[in-house]
Amino acid sequence: MDEQEFVSLLQALMEPDTQKVKQATSQLNKTYYTSPESVGALIHIITSHGQPELRQLAAIEARKLVVKHWASVAEAQKSQLRDSLLKSTIDEDKQLSRHSKARVIAAIAKVDLEDGQWAELPGLLQQAATSSTARHREVGVYILYTLLETMPDIFQENMAQMLTLFNRTIQDPESVEVRINSMLALSELAMVLDTEEDTKSLKSFQSTIPHMVKILQACIEAEDEEHTMQAFDVFNKLLSYESSFLNAHFGDLIQFFMQVSANTEVEDDSRSQAIAFLMQSVRYRKMKVQSLKVGEQMTKMCLQIATELDDLPSDEDEISPARSALGLLDILSESLPPSQVAVPLLQAIGPYFQHADPSFRRAGILALGFVVEGAPDFIATQLGAVLPTVLRLLEDPATTVRSAALNSVARLADDLPDDMGKEHERLMPALVKNFDLAMQGMQHGQADSKDHDLNIYIIKNSCLAIESLVEGLGPEDASKYVSELVPRFAKLFGHEDHKVQMAAVGAVGSIAAASESAFQPYFKDTMQILGRYISVKESEDELELRSIVVDNLGKIASAVGAEAFQPYVQPLMQSSEEGLRLDNQRLKETSYILWSTLARVYEENFEPFLPGVLKALFDALDQDETDAEVNLGAEASDLIGQEVTIAGKKIKIAGANGKNEDDDDDDAIVQALMEGAEEDEDDWDDLGAITAVAMEKEIAAEVIGDILTHSKAKYMPYMQKTVETVLPLLDHSYEGVRKSSVGTMWRAYACLWGLAEDNGMQKFQPGLPLKVKPTTDIMKLGDLLVKGTMALWEEEVD
């Protein structure tokens, strides 16, 4: 091995030249990394090179190669490498390099301990963890943490001993690093602690929680951002484990995190993290939170924090305590009874509405909008009382308050469409007035002024509020506003702000869908303008606009009908099919929804598009999902491999499996290293079942149901593939996919039944025994669906 060349290639990985990095990576992989000698060479660099960045990079590379080559390293060499690596790690004065080395030790230990070697390591680490030297304690505890992370069950037989150790190290009087590392180690140890069988260890673990709180509190007070975030991560992890870990202190924890959330002296990031913990607590421990009766206290806290909202945030999606508090209010209303959230909120917001400070009036009206989704029935009973206030705030002298009132009107109309729709004659003039005032301000104001940006907010929120309100109107009422609204919004189709464009397009689409034939006079002009945007693709903003346009052209098709829309179908379908290849998730899903809409409009005349459309939808359902295997459950396992004949075709039911590939991204690792980030490149959080792919599958499965329902007999050539593809998804890990799949399968059953009746089968008559015997195809599909559905029945919450 040419050691000098080896080192120079590693150094090339740290250069800001992508081409050099690729060349060096290629040569290392071909020339050096195929040999076990590379592990020894890397460890030599880790333990002796003078450049900390290179030591850290060598540790990253060594960790990847240990799994592949450590077993082939000569036994005589292994002992020397272990000793030098352990000593070097304990003596390392750079934290990032120290942590990287620790992970190499963990990787070697995983191989060795499973082979009965390096048995003395755990004892050596426990000695280091109780050393009189703080740095040795830091390293000892950190390596124990990395071992637990790599091999969770390594200390399962010594659980009591490890808990005794960590109970001591978590109270380290000298080093915050030791205390934080102890928290991290405890969060990994919890994964293998048997809470039912080992109650003594559980109590020992629970006794560490108050110490964890003290550590987090001290880190927050010291404005120690790195350690604060690590401590928050531990609490979030523990919250996701069995409830028994936190139960003994849960009420105190809720109070502590509320204090942090409400404390304006604390850094915003820490406050937002505290609110995020409360969100997860309410969402996943709602019965416990409900029993503590803290809903009213949390609700009032959220209302107060909401007064801190910026007049105009630099980024609408940025996280802040005020925005997080509104999000928590939404979750509270969804998870807890109205008596703990909606009722105390309505009692509390009166003084906010009357307050001289506009930030309080804005907080009050926003809070009302955020609780309606979780408690629509209750808010509906109070609408008569709050609507006069809503109308008053729509005319508030403060632009920020009017913008917030528009936002809340949109939310109220989304969740109470009928109730709000009845008030359209009072609401619509106020919404239009806000829109007109903002447009006038835009025309007369300075382009770079704050007023200009606030007017943009008003315009967008006016569009969204009108869109939501119109969707609750019948054609007769909606038609009254077409001539008033469509020309106003059409002027914004070419606006420089793509979000304004999107809001205007969405409003016109909803007006068209609600007013139906009354939209006809504006149809051709609207299509001519919006047609420009069905092919834009130069930026993410353009793709986002394109997806909104495609979605709303579908609504317009529903309004004007098949014949009038016919000239536009072909280019729109071509645009939607191209959209699948543009790597934009929203555009993909919008294309699927468009197909659903056009299938409803054209019914059996949608047949020419079925081959391309269904291939894309089936491909979407066949996508692999990391860590989300899709198999039929035990209760319905007898469906797998079963061959039945449906619609004259033989169908074999198969499971659908996901694939998990563990690929390293060398460029990403090197980039992270160059930026000084800690080497945790492959410790991504599990994404769980709710991935972008899972949500795409939910929509695709539902769209297939729409298409088969409306295409009827024209769909029959695709029924076999539908059953084969959709039925296994009844046991998908994401409930949205299960819901849409079971719905689509029963729609397939209904479609077959309807076609059989069209072909002469007697109409169904209720009662048992059956008065009308269905066809063999229907009976067999019914048997499959009953088995699959009953397997879900006992498990589903929703």
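A crossing is left-handed if the near helix is turned anticlockwise from the far one by less than a right angle, and right-handed if clockwise. Helices here are DSSP runs (H or I, at least four residues) and strands are E runs of at least two, numbered from the N terminus. This is a predicted model, in which local features need pLDDT of at least 70 and side-chain atom pairs count only at pLDDT 80 or more, while totals for chains, interfaces and linings use all residues. Residues are numbered from 1 along each chain as its sequence is written, and side-chain values use heavy atoms, with hydrogens and water left out.

**Helix α1 and its partners**

Helix α1 passes α2 in a left-handed crossing. Helix α1 covers residues 3–12 and helix α2 covers residues 18–32. Their axes come within 8 Å and cross at roughly 145 degrees. Axes are lines fitted to C-alpha atoms, for helices over the stretch in contact, and angles run from 0 to 180 degrees between N-to-C directions. On the α1 side, E5, F6, L9, L10 and A12 make the contact (heavy atoms within 4.5 Å). They meet V21, A24, Q27, L28 and Y32 of α2. By class, this contact of α1 with α2 has eight nonpolar, one polar and one charged residues. Ala, Val, Leu, Ile, Met, Phe, Trp, Tyr, Cys and Pro count as nonpolar, Asp, Glu, Lys and Arg as charged, and the others, Gly among them, as polar.

Helix α1 also packs against helix α4 (residues 52–69). The axes of α1 and α4 come within 10 Å and cross at roughly 95 degrees. The two helices are therefore roughly perpendicular to each other. Angles of 65 to 115 degrees count as roughly perpendicular, under 35 as roughly parallel, over 145 as roughly antiparallel, and the rest as oblique. V7, L10 and Q11 of α1 meet L54, L57 and E61 of α4. The contact of α1 with α4 divides into four nonpolar, one polar and one charged residues.

**Helix α7 against α8**

Helix α7 and helix α8 (residues 134–150) pack at an angle of about 140 degrees, with their axes 7 Å apart. That makes α7 oblique to α8. Helix α7 passes α8 in a left-handed crossing. From α7, the contact takes L121, L125, A128 and A129. From α8, it takes H136, R137, G140, V141, I143, L144 and L147. By class, the contact of α7 with α8 has eight nonpolar, two polar and one charged residues.

**Selected residues**

Buried means under 20% relative accessible area, exposed over 50%, and partly exposed in between (1.4 Å probe, protein chains only).

| Residue | Relative accessibility | Class |
|---|---|---|
| C302 | 1% | buried |
| C751 | 9% | buried |
| Q126 | 16% | buried |
| K588 | 18% | buried |
| P337 | 25% | partly exposed |

Q126 lies in helix α7 (residues 121–129). Not counting residues up to four places away in sequence, Q126 touches Q161, M162 and L165.

K588 sits in helix α33 (residues 585–602). Leaving aside neighbours within four places in sequence, K588 is in contact with L580, Q623 and E696.

P337 belongs to the loop between α19 (321–335) and α20 (342–354). The C-alpha atoms of P337 and F378 are separated by 9.9 Å. P337 and F378 are 41 residues apart along the chain.

As for the cysteines, a search of the whole structure finds zero disulfides (pairs of cysteine sulfur atoms within 2.5 Å).
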